[in-house]
Amino acid sequence: MLRIDIVTILPEMVEQALNHSIIKRARAAGLVQINAVNLRDYAADKHHTTDDTPSGGGGGMIMKVEPIARALDALNALRPADQGCPPSRIILTDPRGETFTQAKARELAAEQHLIFLCGHYEGVDERVRERLVTDELSIGDYVLTGGELPALVMADAITRLQAGVLGDAEAPDKDTFSEPLLEYPQYTRPRSFRGWEVPEILFGGHHAEITRWRRRLQMARTQASRPDLWDRFEPTKDDLKLLAEESEAEGQEPASPQSSLDTEL
């Protein structure tokens, strides 16, 4: 079973978020263990201080190396090394880190122990980066108040990939970003609302045609909205046939991930 420890100065914030939806059910079912770890418990002084002024001067506060090292030592000691458990992955949430992707989620989902270290203030003592963490991850090119939300986002994505967490065992493979294509559009009842109709093809019972229709829209959406993903997409023979049919219907040259970035849909 995967264990995830989220080291934070705001454990109540993290724990509250963990008590909802899929993560709550996965924890209750024993499919994943996720803990909010209070970094202040590992501070040495009576005020439980976890930050200090930057050496050499400057504004803001820096998270201290000592409580972080103590917390990580304590959490690593819980790892059952005698059972062949691999080393823990220690992940610093930081906007300067590698961008978190679905591929990274799959990589981390295969681990046995993940420790997320939530950054705060002006950052962490550089010795934490140099000596203590194994990964630095970001959820996007923007700055948040702290690393709790990024840690929760990543924990959610990783938890979904654990066996038994989702009702449909194949569901993770159908999600957007399971391949470099956006998901096809989904509808439900009522069939008509304010004159907005669910596409007729979804009611014909022709499952092969529905699959083809959905695949065409996946490719069209990705090409129009995410050219970065489209450029990495490797179409199958059936995909190429669908692209050719679509282009023929519109009187265009057949589209492909390599040649169609400037083609209007």
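Is Leu-72 buried or exposed? I looked this up before anything else. Leu-72 is buried, with a relative accessible area of 2%; I take buried as under 20% relative accessible area, exposed as over 50% and partly exposed as in between, with a 1.4 Å probe and protein chains only.

**Basis.** I am working from a predicted model, where local features need pLDDT of at least 70, side-chain atom pairs count only at pLDDT 80 or more, and totals for chains, interfaces and linings use all residues. Residues are numbered from 1 along each chain as its sequence is written, and side-chain values use heavy atoms, with hydrogens and water left out.

**Overall.** I noted 10 helices and 9 strands in the protein. Helices (H or I, at least four residues) and strands (E, at least two) are DSSP runs, numbered from the N terminus. Of the 265 residues, 40% count as buried. Among contacts with a separation of 6 or more, 72% come from residues 24 or more positions apart; a contact means heavy atoms within 4.5 Å.

**Sheet.** I traced an open sheet of 5 strands in the order E2-E1-E6-E5-E7, with parallel pairing. Two strands pair if DSSP finds at least two bridges between them. Strand E2 (32–38) and strand E7 (135–138) stand at the edges with a single partner strand each, so one side of each has no neighbour in the sheet. From one strand to the next the twist averages 30°. Axes here are lines fitted to C-alpha atoms, for helices over the stretch in contact, and angles run from 0 to 180 degrees between N-to-C directions.

I then went through the pairings of E6. Strand E5 (residues 89–99) pairs with strand E6 (residues 113–118) in the parallel sense over 5 bridges. Thr-93 has Cys-118 in E6 as its bridge partner, and Arg-89 has Leu-114 in E6. E1 and E6 also pair in the parallel sense, over 5 bridges. Val-7 stands opposite Leu-117 in E6.

How many of the residues of E6 are buried? I found 6 of the 6 buried, so E6 is largely enclosed by the rest of the structure. Both faces of E6 are covered, with His-113, Ile-115 and Leu-117 buried on one side and Leu-114, Phe-116 and Cys-118 buried on the other.

**Leu-72 again.** I placed Leu-72 in helix H3. Leaving aside neighbours within four places in sequence, Leu-72 is in contact with Ile-90, Ile-115 and Leu-132. Leu-72 and Ile-115 are 43 residues apart in sequence and 8.0 Å apart in space, C-alpha to C-alpha.

**H1 and H6.** I checked helix H1 (residues 11–18) against helix H6 (residues 148–159): their axes come within 10 Å and cross at roughly 30°. That makes H1 roughly parallel to H6; angles under 35 degrees count as roughly parallel, over 145 as roughly antiparallel, 65 to 115 as roughly perpendicular and the rest as oblique. Met-13, Val-14, Ala-17 and Leu-18 in H1 meet Glu-148, Leu-149 and Leu-152 in H6. The residues of this contact divide into 6 nonpolar, no polar and 1 charged. For these classes, Ala, Val, Leu, Ile, Met, Phe, Trp, Tyr, Cys and Pro count as nonpolar, Asp, Glu, Lys and Arg as charged, and the others, Gly among them, as polar.

**H8 and H10.** The axes of helix H8 (residues 207–225) and helix H10 (residues 237–249) come within 10 Å and cross at roughly 80°. H8 and H10 are therefore roughly perpendicular to each other. I listed Arg-212, Arg-215, Arg-216 and Met-219 of H8 and Asp-239, Leu-242, Leu-243, Glu-245 and Glu-246 of H10 as making the contact. The residues of the contact of H8 with H10 divide into 3 nonpolar, no polar and 6 charged.

**Backbone.** Which residues does a cis peptide bond join? I found Arg-189 and Pro-190, with omega about 5°. Pro-190 lies in the loop between helix H7 (171–174) and strand E8 (192–193).

Ser-21 has a positive phi of about 55° and sits in helix H2 (residues 21–28). Tyr-121 has a positive phi of about 60° and sits in the loop between E6 and helix H5 (126–132). Tyr-121 is partly exposed, with a relative accessible area of 38%.
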